[in-house]
Amino acid sequence: AGAARGHVEAFYDAEGVRRVPVLRLLDDGAADGPLPLGADDVLLVTGGGKGIGAECALSLAMASGARLALLGRSRPESDPELAGNLERIRAAGATAFYVPADVTDPEAVRAAVARIESELGPVTGVLHAAGTNAPRLLASLDEESFLRTVAPKVRGLANVLAAVDPERLRTLVTFGSIIGRAGLKGEADYATANEWLSLAAERFARERPGCRVLALEWSVWSGVGMGEKLGTLEGLLRQGITPIPPGAGVDLLKSLLARPLPGPTVVVTGRFGDPATVEVERPELPLLRYLEKPRVHVPGVELVVDSEVSADTDPHLADHVFQGEPLFAAVLGLEAMAQAAMALTGTDALPSFENVTFERPVAVPPGRSTTIRVAALVREPGRVEVVLRDASTGFAADHFRATCRFVPERDAAPRLLDIASPGGAPVALDPATDLYGGILFHRGRFRRLHGYRWLRATECLAEIEPDGTVPWFGRYLPDRLVLGDPGARDAAIHGIQACIPYATLLPTGVERIVSTGLPNDAPLLFAARERSRHGNDFAYDLELVGTDGLLRERWEGLRLRAVDRIAPPASWNTALFAPFVERRLQEILPGAGVRVALERAPEVLSATGRPDSAPAVARLLGTNGDPLRHRPDGKPESDGQVSVSHAEGLVLAVAGHGRIGCDLEPVSPRDPRVWQDLLGPERWQLAELIARERGETPDAAATRVWAAAESLKKAGVPHGAPLTLDTTSDDGWLLLRSGDLRIGTYVGPVRELAGGAALAVLVEGNG
């Protein structure tokens, strides 16, 4: 006693060993067996006409077929609630016999049991739910009031057990309250009554090992029971106490009756705050960055933790700045959620993520800090719901959300590496100069793309380099990352940006993520393939694979949203130009479904004397290297429509359905009279109109019209077909028409053509 600080409860056994009672989460691994009640049983329920006793009695009767003997002080003719419950029980098809009696009167109980057994047969089960509660402060509590509260719980149980045949009794359930364990202001007598009730049930269990004894200590129920009757529910809610829904309560009763338990007494509760009078068994949380300040921790049930985030504690913020604002990266959010879910479940196994959403960013203004809060809740064995919230929204909104599943994953084989051979020639694209600092805003730790082996508008294969030992957190903070390298993970996400090089993409969610952890000291490959596109929303599957060919991580259904247009580069790299062209054609020629490839021409010449376009077309069509046939005019023949153009060492190939044509031309300066002779009067007038309206040079506008005319020619349109201006855009694109043929045209700088280039792609249909 002299060493105690605050509330202490201790027991000393016969050997003098000191023991402290703690609440421990009941192991949910045991499967439910059959109920210890059947159609041959008679269940005597005290307090069974109203409240939670009536709800549980009806549920047990319906589940087991047992006949109900209900005991209570009220009479149905003068109590509408009791009359209504009895009618509900009968309407449900349960056999029920109600006897009015006061459980504190031993003679009345004996007489009631005699009537019950003459009507229904011997009592084989007892559910003792009787009780009374009149809260008052300890200063106003007298002996009479105290005994009046204790009597229904303790003396009532003794009277019932004395009136029934103990040899026939197979089941005993008592309904106590968590107040008996935790206490509550104004409830000294009620707390004592419930503690003594549980002790009496435990003694009976020791004396009658053949009887199934369950002493339940309930927290408050919603809509029914003592809390509702006393009108204290709202006050309890304000204290952080969550009531038990009636459906959940009766289901738990049946489940607890049907499973093996380590002892007869079980506390059944929703959130009950953090009373100083109750000690919950809590293993120490792992030393991890995002488990900094636990606020709520019920092992195996719920964990809420806060972490302060700033430029000092989290230097990675300075490397993830979007539009001048440092953002807490989504991949760090996944790390924080994984840490919380793993700590809550007490496992070192990595979870898979499902239904991940990134609803709103977590911004940390320079020179300031914020607090992120991660809340994890076990919904069922192996399934944890996790949310990440931020002080900027008062912790009132979910910024990130996910479901963590702890189940073994069997499929560890890559699926997407067939995009291209891992040993294929690299794409002529340097991420350091062509992506970072322009298309990509990422800096420092996040600049991990090394190079691309394959790049198209809808798929890519790229290399990610290791970061070595770059610290992610400030000094003295835990640096272990349970999911491994977040920089590599982010590189795989923002590496898809090269497929959509004209709009900034931010992740908004993922259907599913499976990971074995990413090393920070070894290179990785990542492959990504588009699932779908709807306006500014894209869906991709991606995989991260080690150099040993083993799958490290798979993202299924990664959702990306284009949030901002990117200014075009001073000169387009060919590798990025082809995805840009294909994407913009999808927008200005809706429904066309064209695919575009633009590659350096090989040295070998085809039969026509031009650079061989077969490799580019074969890769575009996915023919796996099968030889292509050509018409006498050099046009490739295939199941789909293909058009090819050559321009100063480049091969442009476009595939689609219906008539199709393409052309790529360097913008060359010519005398206006030369252009007029080449184009003809009408098309020269079109070029002049384009030059005036778009502010283009005459040479650029004329080359644009010339490329459109060449695409008409390749589509088999007779010379001199009309060509008209349709729509224009602000990024160098405009749409021309010739009857039902649409021609998307673009003029802009292309690095490999050493200046401006005009491109035209023709498709059939009005769109």
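In this predicted model, I116 is part of helix α3, which spans residues 106-120. I116 has a relative accessibility of 0% and counts as buried, because the cut-off for that class is under 20%. Beyond the four places on either side in sequence, I116 contacts V42, L44, A69, F97, V99, G121 and V123. T469 is 353 residues away from I116 along the chain, and 77 Å separate their C-alpha atoms.

E217 belongs to strand β8, residues 212-218. The side chain of E217 makes a polar contact of 2.7 Å with the side chain of R181. R181 is also among the residues that E217 touches outside its sequence neighbours within four places, together with G176, S177, I178, S198, T265, V266, V267 and V268.

| Residue | Relative accessible area |
|---|---|
| I116 | 0% |
| E217 | 3% |

The largest nonpolar core has 111 residues, and F328, F353, Y452, L455 and F526 touch the most other members. Helix α10, residues 330-345, supplies the largest share of this core, with 12 residues. Another core, of 32 residues, lies apart from the largest one and includes A57, A94, F175 and L216.

What does L455 touch, not counting residues up to four places away in sequence? The partners of L455 are V427, L429, C460, A498, C499, A575, L576 and P579.

Terms used:
Residues are numbered from 1 along each chain as its sequence is written. This is a predicted model: local features need pLDDT of at least 70, side-chain atom pairs count only at pLDDT 80 or more; totals for chains, interfaces and linings use all residues. Side-chain values use heavy atoms; hydrogens and water are left out. A nonpolar core is a set of buried Ala, Val, Leu, Ile, Met, Phe, Trp, Tyr and Cys residues joined through side-chain atoms within 4.5 Å. Buried means under 20% relative accessible area, exposed over 50%, partly exposed in between (1.4 Å probe, protein chains only). Helices (H or I, at least four residues) and strands (E, at least two) are DSSP runs, numbered from the N terminus. Contact means heavy atoms within 4.5 Å. A polar contact is a pair of N or O atoms within 3.5 Å; within protein, one must be able to donate a hydrogen and the other to accept it, and residues adjacent in sequence count only if both atoms are side-chain atoms.
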